[in-house]
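Let's take a walk through this protein together, looking at its open spaces and then at one residue. Have the picture ready and follow along.

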Amino acid sequence: MTLQELADKYNLNDEESSVFEEYTRNRFAGAEENEDPDTGFLDLWNRILIYSGLAGVDRAINEKVCSKRPVDFRSPQTMKLEIYDSVAGMIPIIYVRDTEDFEQLVTNIAYKGIRPENISTTGASFISGKTTRFIILSAKPYSNVPASELGLPDKAEWEEKSLILRRGHECTHYFTKQTYGITNNILHDEIMADFIGIYEAFGFYKAEWFLRFMGIIEGSGRRFIFYTGDLPENVRKATSKLAELCAYNLEKWSLTDSFRAMTVGDRIKYMCRAGFEGLLRENYGSI
């Protein structure tokens, strides 16, 4: 199926077709790769990491990262700071297992102390500024989907997997930022990031899980509306079907020898180049 065939299937009128075409446009098309991405921000984080080993992660974060709005952490002993060797290179990651500590830290850093209404649904935050980049991760169940909805028996194990999944997800966004200078808050980027995250957490990819995380399969997940809420209803329905078709094609692709032979970076580049049109191809081996 093609994007045009999908638009025809949902009887999109001219205005809706224009919106659908713009939303599904491949924003990575023609983008050149950065040969020398900026890593100067790591010097400061290396010093913060050393200090955290002496004073504790909570004190290092409060004094060096959010000194204007420090957090009174409930469970500082469960926090961890590392400079992670990601697919895009080294990136500082703050792991905050206590939900209240995580939400307050993100509020103070990303929202200048003003708690957003949707913070309870947030499980990760990628902070990217002119002089720094880092990731904050929580151990909340990924996309607020409980282990039982995925058929997983162990709640604690799912929390650990959620951390790894989030890390892979956020590092995929970091990769596109470092490689192409592009990150988008749209479905194409989320499909790629969840694909990489799920595969890294479990060693396989299940389209059904992604669709549950999005809420396209009804359950606890609700993320789809965050990326499509401004679209007309018919366009949103077509985009929902688009996500479903892409997810199942990616699951098939993940089982091929050509996929297994790729590095993680090559997989992300492949999906960037493909765009929605490529991800829709039934011949998944040539996405």
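A pocket, worked out on a 1 Å grid over the protein atoms alone, is an open set of points where a 1.4 Å probe fits, with protein on both sides within 12 Å along at least five of seven lines; lining residues have an atom within 4 Å of a point. Grid points are joined across faces, edges and corners, and a volume is the space filled by probe spheres set on the points. You're looking at a predicted model, where local features need pLDDT of at least 70, side-chain atom pairs count only at pLDDT 80 or more, and totals for chains, interfaces and linings use all residues. Residues are numbered from 1 along each chain as its sequence is written, and side-chain values use heavy atoms, leaving out hydrogens and water.

The second largest pocket holds about 270 Å³ of space. It has 15 lining residues, and Lys64, Val65, Cys66, Ser67 and Ile109 sit closest to its centre. Helix α3 (42-55) and α5 each give two or more residues to this lining (helices are DSSP runs of H or I, at least four residues, numbered from the N terminus).

Now for the largest pocket, with about 920 Å³ of space. Among its 31 lining residues, Thr122, Ala124, Glu170, Asn185 and Tyr227 are the closest to the centre.

Finally, find histidine 188 in helix α7 (residues 187-202). Is histidine 188 buried or exposed? Its relative accessible area is 3%, so histidine 188 is buried (under 20%, whereas exposed is over 50% and partly exposed in between, with a 1.4 Å probe and protein chains only).
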